[in-house]
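Please look through the structure below with this briefing at hand. The points are grouped by topic, and each can be followed on the sequence and in the 3D view.

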Amino acid sequence: MAIHLDYTNMMSPPIEGGITAAEWSDAATAFTAAHKAVAGLHADRTLGFLDLPDDRELHRQTTDYVAQLRRDGRYPSDVVVLGIGGSALGPIALRTSLRAPGWNLLDDAARKGEPRLHVLDNVDPANIAALLSRLDLSRALFVVTSKSGGTAETMAQYMVVRGRLAAALGDEAAKQRLVFVTDPEKGALRAIARAEGVTALDIPANVGGRFSVMTPVGILPAALVGIDTGELLAGAAEMRTRCSSGDVRKNIAGTYACLQYLADQKHGRHVHVLMPYSDALRDMADWFVQLWAESLGKHRTPGDAGFGPTPLGALGATDQHSKVQLFMEGPGDKTVTFIAVEQGDVEVTIPKLHGDIPELAYLGGHDLGELLDIEQRATAGALARRGRPNMTLTLERVDAWHVGALFMFLEIATAYAGQLYGVNAFDQPGVELGKQFTYAMLGRADAEQARQEWNLLPKSNPDRVI
Ligand code: PA5
């Protein structure tokens, strides 16, 4: 089992305008400080995500609950995660990477009796109404996930679902179809759980939304659909061990964070692309985009111009027919991190057809996985040839161990990057004003100040509407 990062194509040479030996050597000092700061946050218990791989008690909350559902004959046909952002993107990435393609479309036999997994991640009424109308509510389980326990979108989803469940099944039976995942003490969801006896699993107080995939936020939906959660946590633990050194050359997440930081700050590579060459890992890119963007896009001091790279997801080979043109010839403001997979689970060989047509004959006899792998290497080489920095993260295979390790790798890299950029990677003050304006427009009682601020904003100018 292995994960490797090849960053040859980030450096100068071979990449003109790549990271120089002098910059890399300076980064070693900066990294030692970043590593120490992250270790300090961990030691004083403000940084909880690093403890999750060994938190057996927390893991047991999920396994006990899942076992209880089986014992009670309440095991669902459909699991529906109600949540948004960090409460939704991890479960989506877990489903795509560790369940069979098209999981929710498979019949019960093909899913080996495991439930379908739906994740709302938005409040678009068309999607929610369509899902609710096709579910058998008496066999569905709704996992309401919110660290704060009060996010407007998630609470709106919950209230819609609870209303439907109560109308269809009565309020007592409705409670059996709900489970909450939230802060152990705070928030409306925890208060409802306590008052009404709804089962609630914990997101530790010191773990923020986008770092919470290894809590019941990701672990509960994963366990419910039959993913080996012990292996997920084992992969995450092993990655944490690999990131214990303060020497950047011995720390894979530190290497990644320093390279991205230097590329951005010293060479104007402000856009950081993550491009898996694997359909199974496609939603990992979305998960990473949220993690990197919400953690690093910040002010260092109030009113400064703002810092942070812009993450972008892509999928190989699909985006070779789309975004790669931009990566090759557009502004030289990007790094591309490929994710390659060494061993696929399925082999599909291209038959030797049309041997007399040179544009097709060369394909016959090759495997589709081989084609994907060669295309990844070809794209990396082509970018390098044009002086476009790129690196390749190679996973031996896509399984629970490697996916757990990949989540942890990117989380630790984000924590280091926060230190290098000099920002707090664990808050998100920038989303607050929009929330306050939403409360003001929806008439929330405590939003008077936001209401006044909203009323002072310039109104739409009819001369500027066409
Ligand atoms: O990373 C974060 O903290 C956010 O993206 C949250 O996950 C998102 O806002 C949802 O918050 P909550 O889990 O409190 O409902």
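Predicted model: local features only at pLDDT ≥ 70, side-chain atom pairs only at ≥ 80, totals over all residues.

A residue is called buried when its relative accessible area is under 20%, exposed when that area is over 50%, and partly exposed in between. With these cut-offs in mind, F426 counts as partly exposed, because its relative accessible area is 27%.

**Aromatic rings**

- The structure holds 12 aromatic pairs, and one of them is formed by F211 and F426, whose ring centres lie 5.1 Å apart and whose planes meet at 50°, so that this pair is described as tilted.
- F211 belongs to the loop between β6 (200-202) and α8 (216-224), while F426 belongs to the loop between α15 (400-421) and α16 (432-442), and the pair therefore ties together parts that are 215 residues apart in sequence.
- One aromatic cluster is made up of Y256, F288, W292 and F409.

**Charges over rings**

- The residue R99 lies over the face of W103, at a distance of 5.1 Å from the ring centre.
- In another place, the charged end of R444 sits over the ring of Y439, and here the distance to the ring centre is 4.1 Å.

**Helix α1**

- Helix α1 covers residues 21-43, which makes 23 residues, and from its first C-alpha to its last it reaches 33 Å, close to the 33 Å that would be expected at 1.5 Å a residue.
- The helix α1 also has a kink of about 25°, which is centred on T29.
- Which residues of α1 are buried? They are E23, W24, A27, A28, F31, A34, H35 and V38, and what covers them includes α10 (252-267) and α15.
- As background to such a list, an α-helix has 3.6 residues a turn, so residues three or four places apart point the same way.

- T414 is found in helix α15, and T414 is buried, with a relative accessible area of 0%.
- Leaving aside the neighbours within four places in sequence, T414 is in contact with F211, L291, W292, S295, L296 and A425.

**Backbone features**

- P13 and P14 are joined by a cis peptide bond with an omega of about 10°, and P14 is found in the loop between β1 (3-6) and α1.
- The peptide bond from G316 to A317 is also cis, with omega near 0°, and A317 lies in the loop between β8 (310-313) and α12 (323-329).
- Although R45 is not a glycine, it has a positive phi of about 70°; R45 follows α1 and is placed in the loop between α1 and α2 (56-71).
- Is R45 buried or exposed? At 57% relative accessibility, R45 counts as exposed.
- H354, which is not a glycine either, has a positive phi of about 55°, and H354 is placed in the loop between β9 (334-341) and α13 (358-361).
- With a relative accessible area of 46%, H354 is partly exposed.

Methods: Residues numbered from 1 in each chain as written. Heavy atoms only, no water. Phe/Tyr/Trp six-rings, centres within 6.5 Å; stacked < 30°, edge-to-face > 60°. Helix = DSSP H or I, 4+ residues; strand = E, 2+ residues; numbered from the N terminus. Buried < 20%, exposed > 50% of the residue type's maximum accessible area, 1.4 Å probe, protein only. Lys NZ or Arg CZ within 6 Å of the ring centre and 35° of its normal. Expected span 1.5 Å × (residues − 1). Bend = angle between axes of the 7 residues up to and from the residue. Contact = heavy atoms within 4.5 Å.
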